[in-house]
Each structure stands twice: as C-alpha cells, then as structure tokens.
Amino acid sequence: MAKQNPLRLFPTLIIGSGPVGMTLARCFREQDLPLLGITSRQGKKARLLSSEYHTPVCTHYLELVPEAKLIFIAVNDQSIEAVAEKLYASGKLQPGTFLAHLSGALSSRSLKKAEAKIHVFSLHPLQSFPAYDPKVKDLKGIPLIFEGDTHALPLAKNLAKALHGSFFEIREKDKVLYHTAASIASNFFVTLISLASSLNKKAGVPEKKALSILFPILHHTLANVEKLGLPQALTGPVPRGDLSTIKKHLDSLKKEAPYALNAYRALTLLTLQLAEDKGLPKDKAEAIRKVLRSTPWEK
C-alpha cells in the first residue's frame, strides 16, 4: 500500500493574489496538493482564479478559514499583521492550524498571538517575482527560507520537498540581515544594470541597444561567479591595480554623468576589499583609495 503524502492532511488557503500568491497556488495545483482557495477582493479576478485553480470563488477569505489546516498570508508586508489580526478576531481559526507568511523581511512573530494555539512560521522563496508566470509549475532549485515555530518545521520541510525547492532554516534575529542580502543581490543588481545602460546612452550607444549590449557580459560574469566563486571571478581595473584607468573613469563621470560618481566611488571601495582578497598588493590598493578619498562626493 502506497504511503500517503502527509501534505494531503493540510487543506491550504492562500490569502492574496499577487505574483507570489498566484505562483504558490499554481505550484500547489500542479503538485496535486490540497488547495481550498486563493482569495482576491476583486470579484472578476476571484472568478478567474476560481476557474484556473478549480477552487471556490473567494472574495472574503474568512469563509474558508474553518476548513483550513494551513493558511498562507501572501499580501504585502505592510498588510500581513492586519490580516493576521483579522483572522484571530474572527474566532474561526481552529486550534493547531498552521499560519504562515511569505515575507523575507518580517519574522513569524508578526503572526503570533500569545494565547492562541496556532503554529506560525515564515517561508520566504529566495527569488524575484515581478509578475505571475503561468508556466511555472514548481519551485525547482529555489531556496525556501524557514523561520518560526519548531512544530512547523516538519511541515515546512515537506512543503519544500513537494514543491521541489531547497530548504534552509534561519534564526529570527538574522531575518532582516538575510533579507538585506537578498535585496542587494536582486534589487541593486537591476539598479546597477540600469545605471550602466544609462551611461551607454550617454556614450552614444543607440537607446534600443544600450541595455541589450550588456547581456553577454552580464551572463558571462554570473557564470564566472558560479564556476569560479569569490574573489576569483572578479576582473577589471580594480583587481589589476590599474590606477590610470580608474582616474579616467572618475574624470569621465565628473564631466558626463556626475549622478553616477558617488555610486562608482562606493562600489570601487567595496571592490578593493575583494581585490585584496584576490591578491592585489596593499600599496596599489592604498593608492586607489587615496584617489577615491580626494574625489569630492556629489551632493
């Protein structure tokens, strides 16, 4: 007799129909996990979700709460505590229910109510979701970062396995720092690409090519980081100690793009630390720092 999937015992309600909530709902359906519903306050969208996921039309999530053994709050960070409060105030949460959110910055404490016999946790997918993609059928290779009640740990591990993600646990006190790292890696990466693209336009690259011309070097750089690791993947004038080129960069930015000067200085200083780890001699690193310190910050 085949062993029953333990997740079949956890009918799940997803509150919120943004890109992450909809992706999670799609993964639940594709992996044949029990999905009670995904909610939307917009009637038209709620009907579309009902049709797509074969669940009841749900604009008012409280109606499904009594049946749910697992509830994901998939709304923006500013609304999570308010939704949790509404759930507790309704009196419809059943003892032993698992209550979770998907935020990277907030801990599970935002879901906790001292006297309630509810198990809380956060499970953050370390991935960017700018829009819903119906082609996504699982979370293969995506790290799922758990923080919360120890009672919720087995359930979260089973979820990660069922969705084909990789499971990691983090302490509550480290949650914000972890999310800062994720923001730097994803959000600031996009910002840097935007900055580089804007400099290309100023350098005369046609607007339609200013972004796409960067794709080969971006892909190759990421491949090098994955293959070689840090600091070995670092290239360019900083690890070479090429002060002449760095001075030319600074002069060019002063004349053509002063808005980028502060970013260039700050990033060069950070890159110097990595370059020294790779073997850049101290005297060459200090010579570059001296030039950077003598360059006025743009206001």
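Is E30 buried, exposed or partly exposed, and what is its relative accessible area? E30 is partly exposed, at 35%, where buried means under 20% relative accessible area, exposed over 50%, and partly exposed in between, with a 1.4 Å probe and protein chains only.

Colleagues, before I go further, a word on the source. The model is predicted, so local features need pLDDT of at least 70 and side-chain atom pairs count only at pLDDT 80 or more, while totals for chains, interfaces and linings use all residues. Residues are numbered from 1 along each chain as its sequence is written, and side-chain values use heavy atoms, with hydrogens and water left out.

Let me stay with E30. Its side chain meets that of R26 in a salt bridge, at 3.1 Å from N to O; the term denotes a side-chain nitrogen of Lys or Arg within 4 Å of a carboxyl oxygen of Asp or Glu. Helices here are DSSP runs of H or I with at least four residues, strands are runs of E with at least two, and both are numbered from the N terminus. R26 is buried, with a relative accessible area of 14%.

By this rule the count comes to 11 salt bridges. D174 and K173 form one of them, at 3.4 Å from N to O, and K173 is exposed at 62% relative accessibility. In another, D242 pairs with R240, the closest N and O atoms being 3.6 Å apart. D242 is partly exposed at 22%, whereas R240 is exposed at 51%. Salt bridges with shared partners also join E276, K282, E286, R289 and R293 into one network.

I turn now to the nonpolar cores. Such a core is a set of buried Ala, Val, Leu, Ile, Met, Phe, Trp, Tyr and Cys residues joined through side-chain atoms within 4.5 Å. The largest has 33 residues, of which I14, L70, F72, F121 and L155 touch the most other members. Elements that give two or more residues to this core include α1, β3 (70-73), β5 and α4 (153-162). The most, six residues, come from α4. Leaving aside neighbours within four places in sequence, F72 is in contact (heavy atoms within 4.5 Å) with residues including I14, L24, F28, F121 and L159.

Finally, the pockets. On a 1 Å grid over the protein atoms alone, a pocket is an open set of points where a 1.4 Å probe fits, with protein on both sides within 12 Å along at least five of seven lines; lining residues have an atom within 4 Å of a point. A volume is the space filled by probe spheres set on the points.

The largest pocket has a volume of about 2200 Å³. Its lining comprises 42 residues, with L192, T221, L234, L267 and T271 nearest the centre. The largest share of this lining, 12 residues, comes from α5.

The second largest pocket has a volume of about 830 Å³. Of its 31 lining residues, H124, P125, Q127, S128 and F129 are the closest to its centre. Here too α5 supplies the largest share, eight residues. The helix α1, where I began, is among the elements that each supply at least two residues of this lining.
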